[in-house]
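Thanks for coming, everyone. Please look at the structure on the screen while I talk. I will go through it part by part.

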Amino acid sequence: MKPISYAVPASIDEALAAIVDLPGAKFLGGGTNLVDLMREGIETPEVLVDVTRLPLAEITETPAGGLRIGAAVRNTDLAANLAVRQRYPVLAQAVLMGASGQIRNMATVGGNLLQRTRCLYFYDAAAACNKRDLGSGCGAVAGHNRMGAILGASEHCVAVHPSDLAVALVMLDAEVEVASRTGTRRIPIQDFHRLPGESPHLDTTLAADELVTAVTLPAEPLAASSRYRKVRDRASYAFALVSVAAALEVTNGTVSQARVALGGVAHKPWRATTLEQYLAGRPATDEEFAAAARAELAQAVGTPSTEFKIELAVRTITATLRRLRDEGGAA
Amino acid sequence: MTLAPERTARPSAPPEADAGPGRTGPAIGRAVDRVDGLAKTTGTARFSAEYPIPGLTHAVLVHAPIARGRIRSIDVAQAEAHPGVVLVLTHLNAPRLTPPPTRMNPMDLSTMAAGSSIAFLNTDEVHVDGQPVAAVVAETLESAQYAASLVRVDYETITPTADFEAELPTAKAVRSMPVLPPTGGKRGDARAAYTKAPVQVDLSFTTPQHNHNALEPHATTAVWDGKKLTVYEGCQNIDWTQKFLAKRFDVPASDVHVVSKYVGGGFGGKSKVWAATLITCMAAQVAQRPVRLALTREGVYRTVGGRTPTRQRVAIGASRTGQMEALIHQATSRKGRVGGEADQIISCSLDLYDAATILAEQKIVELDLMTNTAMRAPGEAQGSFAVESAVDELAIELGLDPVELRLLNQPVDKSPVHGTRYSHRRLAQALEQGRDLFGWADRPAPGTRDGKDLVGWGVAAAIHPAWEFVANVQLTVDATGSATLACAFHEMGMGTATVVGQMVADCLGVPLERVSALYGDSDLPMGPGAGGSGQTASLAASIEKACQAMRKRLDALASKSGMPDGSDPAEVLTRAGEQSLTVEVGADTGPKAMWGQVRFLSKMVMDSRRWMKAATGAHYCEVRVDADTGELRIRRWLSVFDVGRVVNPKTTHSQLRGGIVMGLGMAMGEETLIDTRTARIMNPSLAEYHVPVHADVPHLDVHTLDDPDPQMPLGILGAGEVGIVGVGAAVANAIRHATGRRVTDLPLTLDRIVG
Ligand SMILES: Cc1cc2nc3c(=O)[nH]c(=O)nc-3n(C[C@H](O)[C@H](O)[C@H](O)COP(=O)(O)OP(=O)(O)OC[C@H]3O[C@@H](n4cnc5c(N)ncnc54)[C@H](O)[C@@H]3O)c2cc1C
Ligand code: SF4
């Protein structure tokens, strides 16, 4: 690993200055992803600016009746928070299904959103990868890409975003609060992560000098009976093949509202808007759930190794909605 | 249909109060705590990367990112200039070693240890991806790590051949060699019999490459003192390692001291000498400083061999009542262009069933990949998946219970192919006892549903041949009555040091707490390798001999003092005025060692012509398959084994359980992904190479028949490997029962289960 220096800013302002003033500076959360990538020679910062000691580790009520989660809140603390568990169970479940206890103790909310893809070719400095080195080609397209995207991929990149937490946030219509020396802004979580298109080197719409300060969750009664379902290759400690964050409102056997986001399928957490529109006003039957899922996945494209994920996504969505219906929604 | 109630888990090896001081009586058979337990749990046990050596330096390898080619130029200037760097070793400045052997010769033990035929750092050629092309030695690990990234290498590349499936047509036949495990066998005309058989099953299977992931990555600390070399190395064969290093560095074997006290798991991956060990010794020689090199996890994947992938066909023809008329097992594996051997993939088909005709044969392809090497039950692990899946399919085809079918076809007293007699054969008992304990009679109907899950029960049989190797030992009894057994055997966590004490205590008739063992050091009498599940049995043979000889000498002394035979050794020695008494079994230097090896090999050949000796077992399991997604969970596991005499239920059951866990890894997730375009391993990490996590492994209920094998030393058959055999098939058979799908490719991932 390259020699680096390490800075502990005393305030958010100091952090925002450091990221601009110190050449090669990068924010450090729990380090569970960044340090890994530094060991592999994939990330090569000169200075790490530790954000975990900034006043960003609180979970507080918002005036609008939602929650504001500081960017430095540890994943473990987020999942254990009573308000989160009661009002947004999907979020606690998503976090607990990610990584391992040890990693979650270190990992922060900001770092989780900004973790990089687990694409095997991205992780291997000897391989071609447009995300690491734009224009070098994509080793995964014709290589091992079983964990790859089936929605919204491009010929330049078929990687998926690995975060579980972000999938739940997308379903919940969260917003990401960011700050830079020029001010603050709020980014709807759906616009935070990108599709690869021609520029797979960009994971998100965050600028290099911007610090994630918090994530805010809107008040959403429906979220109290939300669920996260993660399908993976072993019982724990594995990234999603397909995951589903969902909430469902059924009135007299008819879907009044469905909210679904998918993980493990695209370069960003995938909000299933086609599905949501399809289901609104339809009978809450297994057949309609499956039809809605199929409508969402109609645009999916698989490779020989990812093909199975299309049907797997349909089945997982259907099963998750079925379960939510059978448990009785929040309404 | 109601499901069998969950059985209350019963500890297979009840924790027994450990021997109190002065306790006498049989030590063999007692669930004694391991003698190294405290040192390991408190962190005081020293592994090979943990010896505090004054002036120690740290080495880091530079791996080639190409699989075939030549180094055009190598620029080490920046690396050398980095603060703290002591040496950058490349093929340009490394000492010239005696070239590595190109094939194994059991008469020359130094050849057995060669991990490959690559002349590391003595050539500009690159033969496998990840081949070390330089090593950076520095005062600190961090400095070495960074400097290693500064070494610039320019390669001329050649496109490698690495696609196992695509190269199958180039496969060459493998010939069975005496002494080595079987890779073929024949009884009658199986092809003809198969064609005529009224019931036929013909399936083909694949298993992927697997790689070693012992808890302790390979690590070496090398110290030269003039022309004498001391190597701290966690290894499975001190003897081979010593002789190999001596040969390569052209020094007498007696000048190479190998210290291998604790080994953090081996599983076959530490039987050979790999690149890093050699390079550490080279670096220490050039730097004239002690050097330590601990491989990264990725380094283990890239420089240590793994388990060969296989493609297999099993065809079974049977009568309508279930008698096997023909059993055909054909397998292809791969080796590296630079070395490796055929695993004995078909070996279990030679002895599991008494088919009227049998045909077993193997082929092998050569690829531009790292050599394959032994990995727990090499061959049987992959082969049993195929044959035990096919047998299950045959049972379904016949409408017979799969346990019944297996019992129906058990050989009576002779090995069907070789006609050798079974020293004792308890597979039927293992199957029957497992059936009763598991409650097999309550097996649900195929495709039974429990909520969102499909429920399936599976069974598979296991067999693993028993091996014995040379073990030279030295036994000393002193005037306080303490007995010490000295032998360069290996303690990789299996409990060898513990069971050695138990065996000596009983054979000599002294209390267990008076016995200790010295091991893991080439200064001690040469021990057996820790492989083939043969270490304990090999030691038992020599311990028995040594103890007999010791008793004789003690009795002779005793009679001089007018004491009866069998008197307390402390008293005998004290009265005779002797400080201590030592006996030796075997001699391991000069021509004597050579003769020992010749005698041993001829005994082994003779023995293998007379007796077929093997550990056997039966696995029973219940799985749940999510009907929507195909997610697999193992809910219940029970195995019954015949491993001959159980010296220590605690350590034996732990070995068997470990084998099953590793089998579950093979079954459910392990797969080395090789990009066939570049011949490069793409998942060299525990994040992406899926070994089972705790949540994947249910309570494993393990039972042993504890029935000594009359032809093995102390009746011991060995327990290290039989546990993994058949596990994949038991799971696949349970999936078949739950879902109706026969998955023939490992790992049994959900996409394959859903189909
Ligand atoms: C073996 C393994 C398995 C895993 N499995 C899962 C899984 O199943 N599901 C899952 O979701 N995750 C999984 N993870 C990933 C884990 O969740 C992430 O590593 C973790 O969330 C990253 O958080 P961190 O605080 O450690 O980030 P860091 O590693 O510190 O940083 C990650 C990135 O975020 C940037 N950053 C951090 N904080 C901020 C901020 N406030 N503002 C701007 N930029 C910031 C850093 O500069 C860096 O680029 C796994 C990780 C490992 C190692
Ligand atoms: S899929 Fe994306 S991340 Fe993976 S190799 Fe291709 S460009 Fe790189």
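**Domains, chains and a ligand**

Start inside chain B: 23 residues of its domain 1 touch 22 residues of domain 3 of chain B, where contact means heavy atoms within 4.5 Å. Before I go on, some ground rules: this is a predicted model, local features need pLDDT of at least 70, side-chain atom pairs count only at pLDDT 80 or more, and totals for chains, interfaces and linings use all residues. Residues are numbered from 1 along each chain as its sequence is written, chains are lettered from A and ligands numbered from 1 in the order in which they are written, and side-chain values use heavy atoms, with hydrogens and water left out.

Where are the domains of chain B? Domain 1 is 22-45 + 468-603, domain 2 is 57-159 + 218-303, and domain 3 is 423-466 + 613-755. These bounds come from an automatic or database domain assignment.

Back to domains 1 and 3 of chain B. Their centres, taken over C-alpha atoms, are 35 Å apart. Together they bury about 1600 Å², with 60% of it on carbon and sulfur atoms. B:I28, B:E468 and B:S533 supply 29% of the area that domain 1 of chain B buries against domain 3 of chain B, more than any other three residues. Buried area here is the accessible area (1.4 Å probe) that two parts lose on being put together, summed over both.

How many salt bridges link domain 1 of chain B and domain 3 of chain B? The count is two. A salt bridge needs a side-chain nitrogen of Lys or Arg within 4 Å of a carboxyl oxygen of Asp or Glu. B:K650 pairs with B:D33 in this way, and their closest N and O atoms are 2.2 Å apart.

Next, chain A against chain B. Each side is listed: 32 residues from chain A and 32 residues from chain B take part in the contact. The buried area is about 2500 Å², and carbon and sulfur atoms give 53% of it. Six salt bridges cross this interface. A:D124 forms a salt bridge with B:R680, with 2.6 Å between the closest N and O atoms.

Last stop, ligand 2. Which residues come nearest? Of the 14 around ligand 2, they are A:C119, A:C129, A:C138, A:C157 and A:V158. Being near means having a heavy atom within 4 Å. By class, the shell has ten nonpolar, three polar and one charged residues. Nonpolar covers Ala, Val, Leu, Ile, Met, Phe, Trp, Tyr, Cys and Pro; charged covers Asp, Glu, Lys and Arg; the others, Gly among them, are polar.
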